[in-house]
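Please keep the sequence and the model in view while reading.

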Amino acid sequence: MEPRFPRYSIALISAAALGYEILLMRLFSIIQWHHFAYMIISLALLGYGVSGTFITLARERLLARFPLVFIINLLLFGISAVACFLIAQRIPFNPEQLLWDRQQPLWLLLIYLLLMLPFFFAANAVGLAISRFHHQVARIYGADLLGAGLGSLAIIGLLFLFFPERVLQLLGVMGAIAAALACWELGFQFRYRWLLFSFVALLPLLLPIKWLTPVISPYKGLSQMLHIDGATVVDQYSSPLGLLSVLESMRTPLRHAPGLSLNATTEPPPQLGVFTDGGGMTVLTQGDNERERFTYLDQLTSALPYHLKKAGKVLVLGAGGGADVLQALYHQASTIDAVELNPQMVQLVRQHYKDFTDDLYAKAGVQVHMAEARGFVAASDQRYDLIQLALMDSFNASSAGLYALNESYLYTVEALQAYLDHLTPGGYLAISRWVRLPPRDTLKLFATAVVALRNRGIENPGQRLVLIRGWQTSTLLIKNGSISTEEIAALRHFSQKRAFDVAFYPGITREEANRYNQLRQPHFFTSAQALLGSSAVEYIQRYKFNIQPATDDRPYFFHFFKWEQLQEIWGLRGQGGFPLLEWGYLILVVTLIQALLAGVVLILLPLFFCRSQLRGGLVNPWRVFLYFGSIGLAFLFLEIAFIQKFILFLSHPLYAVAVVLCSFLIFAGLGSICSRRLAAMWGSLVTLKVAIVSIGLLGGLFLLLPQILFPALLQLPELAKITISVLLIAPLAFFMGIPFPTALTQLGSDRPALIPWAWGVNGCASVVSAVLATLLAVHVGFSLVVLAALLLYLFAFVVFRKCYV
């Protein structure tokens, strides 16, 4: 009697594997930076490709002992998920030394190999099941996708409830539970099995939690601050949005006032530092009823708009610990709307440190909104005298280019237009950035403002712009109206008194710029003039860094890298030139190259060693490679593009990831399950043709949807928007679940020996696609990523048709 296939254990191990992937991204974002996490996890996922190669090479021996091998792989996933991270933490890898320390690439390789193992074991379980029950491919693949979809939701819920290291322990237990389920499903009996499963399940839970606690890089802000005598972490709070660490410095007072004037005579009151994932510091400032204690807030570049216009109604985007709210209160704003994405940050001010901050967020006129900045603005019908965009990233990470691949919808052309639409007549939009040399951020922001104003029909944008800089920060003002002579006089007085340099205002002369914090040339002044001139496009193209304005389709404001600069900076490597590199982008390129090389090896290896097994049949292995490689690339291309597009609609990155990822996987799983019945009715070719045509039509419709439908629905309640998102994604995802099982079932009839190899090709392509999609989005935008995905699906259909017609 043919045993039933292990659907529940496959769904569970798929849920655990996807949860482990997301968890590792969280853990390594804490330990290193976002892009290093991306690099490590992308390469670790090559475990799926290694699995395909391994099963191809040892297929007969593995299938002969299928129940035992299947269960062992499930157990090994649980053990290795915890053990491999535990060992990886103790490897002395330092990414900052990667280019000049010869040992670092070897340590990095070892981390890859370690973190690859859990994915290798999980992929073995699914790949073996597909090979063993190849007539049930549609159902197995459906169980795999459904499990992964539910796992994407479960891991986010767990990260709200527990710290990441505790979640890691729970995922370790999942391997033993999946193995126990598999025993029941396969009817596989052996002595002491429950004792073995119990031991493996308890093993992760018995480990001291300190062993698994993320060890933060010594180069991140929190680690640096802990070198100060008397500094200590007094509190920590965790969620999927970040690990918040509260730091207190007892002996050396913490004084955080970015860009404070060198002429300032007062210092901030006592403060507590708050770090997100060990970086991106904000502060909680001790409250006091004496207004004079906060005069330092008038000595920052961000105080300028309060001296040009009486700001009665203020909107602070990115309130954090409340520094900008304090500044607005100091300048006697009557109404302050403070928007903060992370609810745990708000809880710090409202609850945990309520007495320390003198209940800042409950002050008269202060209203706190837990929302994403763009979403809040889009849903609001209010108008403000001042919209203040807070300085939300850390200087060290920003200056090193570590935010290069962080998508940010706060600084796009469309974002600035939305902010300007919510200003009162004569109101100001104020955006502060770190001063980096050679100039990058500030100039890109200025160029974005120019385009945003021109898009609103303003023929002379220069009449509405003001730019000043101090020794550490710059502030750009965009006025809803022309700047008056009285405001210019107030600007000059403000800047002169605080030794801030005026880089631009209507009518500024070269002699007025670059007076206090002097540079060799008045770069900010000359660049502002060029960006307002008729040759702005040529100036942007010639500039050493990428200062092309970011858009919602290409939301990479912090991407400044140009390939032309690489040779020049490399020549300065012995003279301190490396800090000029945008590391985030280069790391992504290196990751793609590594993934491609590893993928080629994994794909070619079975063809070399298994030539006799893979000969014969109707299907050429290279066509199998082209088909499964194409759909592997295309699936992730669409998934990643949809996540980015739905961030703006759902007004929250976490909602977008959860809703899009879960919807895609679950409905693709349902499509996979239904594909067998459709193929029985229509035949494989017709079924695939219907699926590809549907994907093309629905994907093409999506290219127009965000511009037409989303703006009209933004003000709906969150639950309604989530429901609409699921309904929009479901049909496309359903048809995207059909191409893989349809072709794999057909392949099982003709060349069953190629099934695990096709599984590995698809896994390798998925790894490459995650990196490649981001690189394409940086250069051409997410709309073209969607278009590329649709063309890949069409190409896959052509390949399939040549195989079977």
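## Strand E8 and its partners

E8 and strand E9 (residues 423-434) pair in the parallel sense over five bridges. Pairing here requires at least two DSSP bridges between two strands. Helices (H or I, at least four residues) and strands (E, at least two) are DSSP runs, numbered from the N terminus. Opposite Leu389 stands Ile431 in E9. Leu389 is also the bridge partner of Leu317. Strand E5 (residues 313-317) pairs with E8, again in the parallel sense, over four bridges.

Is strand E8 buried or exposed? Six of the six residues of E8 (residues 384-389) are buried, so the strand is largely enclosed by the rest of the structure. Buried means under 20% relative accessible area, exposed over 50%, and partly exposed in between (1.4 Å probe, protein chains only).

## Basis of the model

The model is predicted: local features need pLDDT of at least 70, side-chain atom pairs count only at pLDDT 80 or more, and totals for chains, interfaces and linings use all residues. Residues are numbered from 1 along each chain as its sequence is written, and side-chain values use heavy atoms, with hydrogens and water left out.

## The eight-stranded sheet

E8 belongs to an open sheet of eight strands. Their order is E7-E6-E5-E8-E9-E11-E10-E12, and the pairing is mixed. Strand E7 (366-370) and strand E12 (501-504) stand at the edges. Each has a single partner strand, so one side of each is left without a neighbour in the sheet. The twist averages 20° from one strand to the next.

Helix H14 (residues 343-352) lies across strand E6 (335-340) and E7. H14 runs at about 150° to E7. Axes are lines fitted to C-alpha atoms, for helices over the stretch in contact, and angles run from 0 to 180 degrees between N-to-C directions.

## The four-stranded sheet

Another open sheet has four strands in the order E1-E2-E3-E4, with antiparallel pairing. Strand E1 (231-239) and strand E4 (279-285) are the edges. Each has a single partner strand, so one side of each lacks a neighbour in the sheet. Twist averages 25° from one strand to the next.

Strand E3 (residues 271-276) and E4 share five antiparallel bridges. Leu272 stands opposite Leu284 in E4.

## Helices H26 and H29

Two packed helices are described by the angle between their axes and the distance between the axes. The axes of helix H26 (residues 653-682) and helix H29 (residues 718-736) come within 8 Å and cross at roughly 35°. Residues of H26 in the contact (heavy atoms within 4.5 Å) include Phe664, Phe667 and Cys674. Those of H29 include Ile722, Ile729 and Phe734.

## Nonpolar cores

A nonpolar core is a set of buried Ala, Val, Leu, Ile, Met, Phe, Trp, Tyr and Cys residues joined through side-chain atoms within 4.5 Å. Of the 157 residues in the largest core, Tyr20, Phe628 and Phe646 touch the most other members. Helix H25 (residues 621-650) gives the most to this core, with 19 residues. A second, separate core of 103 residues includes Tyr330, Ala338, Ala452 and Phe524.

Leaving out residues up to four places away in sequence, Tyr20 touches Phe77, Phe85, Phe119 and Leu171, among others.

## Trp563

Trp563 sits in the loop between helix H21 (536-542) and helix H22 (564-571). Trp563 is partly exposed, with a relative accessible area of 43%. Beyond its neighbours within four places in sequence, Trp563 contacts Tyr585, Leu586 and Val589.
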